[in-house]
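Here is a short briefing on one structure. Keep the sequence and the 3D view open as you read.

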Amino acid sequence: MKYPNLFKGRTAVFTTKHKKESVVFPILSKAGIHLKLVDSIDTDLFGTFTGEVLRSGTQVEAARLKALKAIEQTGETLALASEGSFGPHPTLYFVPANVELVLLLDSTNQIELHGWEISIDTNYAHQKVKSVDEALDFGNRIGFPSHGLVVRPNSGSGKSDLLFKGVVSESELIYAVEKCIKYSEDMNAMIETDMRAMCNPKRMTVIENAASNLLNIMNSLCPQCNWPGFDVTEKVSGLPCELCGSPTRATLSHIYICKKCSFKNEIEFPGGKTSEDPTYCDWCNP
Ligand SMILES: [Zn+2]
Ligand SMILES: [Zn+2]
């Protein structure tokens with residue numbers, strides 16, 4: 001049997017307090033769904049970048065929790081959620097990266113789809129400063145004031161309650177830094193990039209790309225039954241060496257398996273290359 005378009009005409013709820021709908025909605029409206037913003041849920045309860053609330057579980061689990069909460073609160077059956085993380089790039093060592101996920105949850109059809117994007121164009125940074133001048137230098141390097149800052153005392157008992165978030169003007173920055181230096185035991189302020197989406201245009205772009213990737217996955221249908229989310233489930237290595245023909249570690253094919261009917265498709269030479277450079281051959285170039 002062939003399934004009809006499972007999403008078309010339905011309403012998807014999206015919960016954010018950080019203006020992410022401004023990049024997510026224009027993309028996902030192309031899926032033929034109605035989009036509804038739910039801003040009554042405090043997404044900060046699921047974790048903040050500034051550490052007042054630690055995120056529980058993985059990035060996927062956090063996004064899923066937000067989507068489930070939105071479904072529970074609105075009575076809708078389709079929800080979107082976005083969750084970001086910052087840290088070392090998964091394959092490029094020591095390079096900082098921003099990983100964004102936009103997730104779609106369909107409680108009627110028991111479908112969960114993921115749109116991922118990894119970017120190394122991130123300004124994620126922090127620094128201890130002992131003067132306003134040092135703070136302004138830091139601001140110049142990370143793209144302040146179009147990108148916001150977070151300021152707090154570097155040490156001492158007042159560290160936990162004094163916290164300035166979303167600092168986006170020079171006068172606010174000067175005020176915050178002077179105050180935090182004054183209340184810090186070591187007379188230093190800790191200053192960092194505000195990674196909340198509405199304070200961070202670089203991050204907004206990565207979220208937009210993750211939303212595009214989700215749209216592609218939603219539109220990727222099983223050739224046999226039309227179920228959405230027909231995606232690569234396995235990469236098979238063994239692309240032959242150009243010189244000796246031995247299998248190399250490079251990708252030979254991608255395997256797609258339908259989650260509904262288990263239809264399997266293997267696409268050879270997914271990158272367009274039919275052989276590998278002998279430089280990467282363990283036989284020719286051990
Ligand atoms: Zn070879
Ligand atoms: Zn199928």
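**Helix, sheet and a cysteine**

Helix α5 (residues 201–219) has 19 residues and spans 27 Å from first to last C-alpha, close to the 27 Å expected at 1.5 Å a residue. The model is predicted.

**Helix α5**
- The buried residues of α5 are R203, V206, I207, A210, A211, L214 and M218.
- These residues lie on the same side of α5, because they cover an arc of only 145° around its axis.
- An α-helix has 3.6 residues a turn, so residues three or four places apart point the same way.
- The cover over the buried residues of α5 includes α1 (21–28), β3 (78–88), β4 (96–106) and β5 (111–119).

**The open sheet**
- Five strands form an open sheet in the order β2-β1-β3-β4-β5, with mixed pairing.
- β2 (34–38) and β5 are the edge strands; each has a single partner, so one side of each lacks a neighbour in the sheet.
- On average, neighbouring strands of this sheet are turned by 25° against each other, direction ignored.
- β1 (residues 11–15) and β2 run parallel, joined by five bridges.
- T15 is opposite V38 in β2.
- Helix α2 (residues 59–74) lies across β1, β2, β3, β4 and β5, and runs at about 155° to β3.

**C225**
- C225 sits in the loop between α5 and β10 (232–237).
- C225 is partly exposed, because 15 other C-beta atoms lie within 10 Å.
- Leaving out residues up to four places away in sequence, C225 touches M1, K2, Y3, C258, K260, C261 and F263.
- C225 and C261 are 36 residues apart along the chain, and their C-alpha atoms are separated by 7.0 Å.

Definitions and conventions:
Residues numbered from 1 in each chain as written. Chains lettered and ligands numbered in written order. Predicted model: local features only at pLDDT ≥ 70, side-chain atom pairs only at ≥ 80, totals over all residues. Helix = DSSP H or I, 4+ residues; strand = E, 2+ residues; numbered from the N terminus. Expected span 1.5 Å × (residues − 1). Buried ≥ 20, exposed ≤ 12 C-beta atoms within 10 Å, placed from the backbone. Arc of directions from axis to C-beta. Contact = placed C-beta atoms within 7 Å. Pairing = 2+ DSSP bridges. Axes fitted to C-alpha atoms, helices over the stretch in contact; angles between N-to-C directions.
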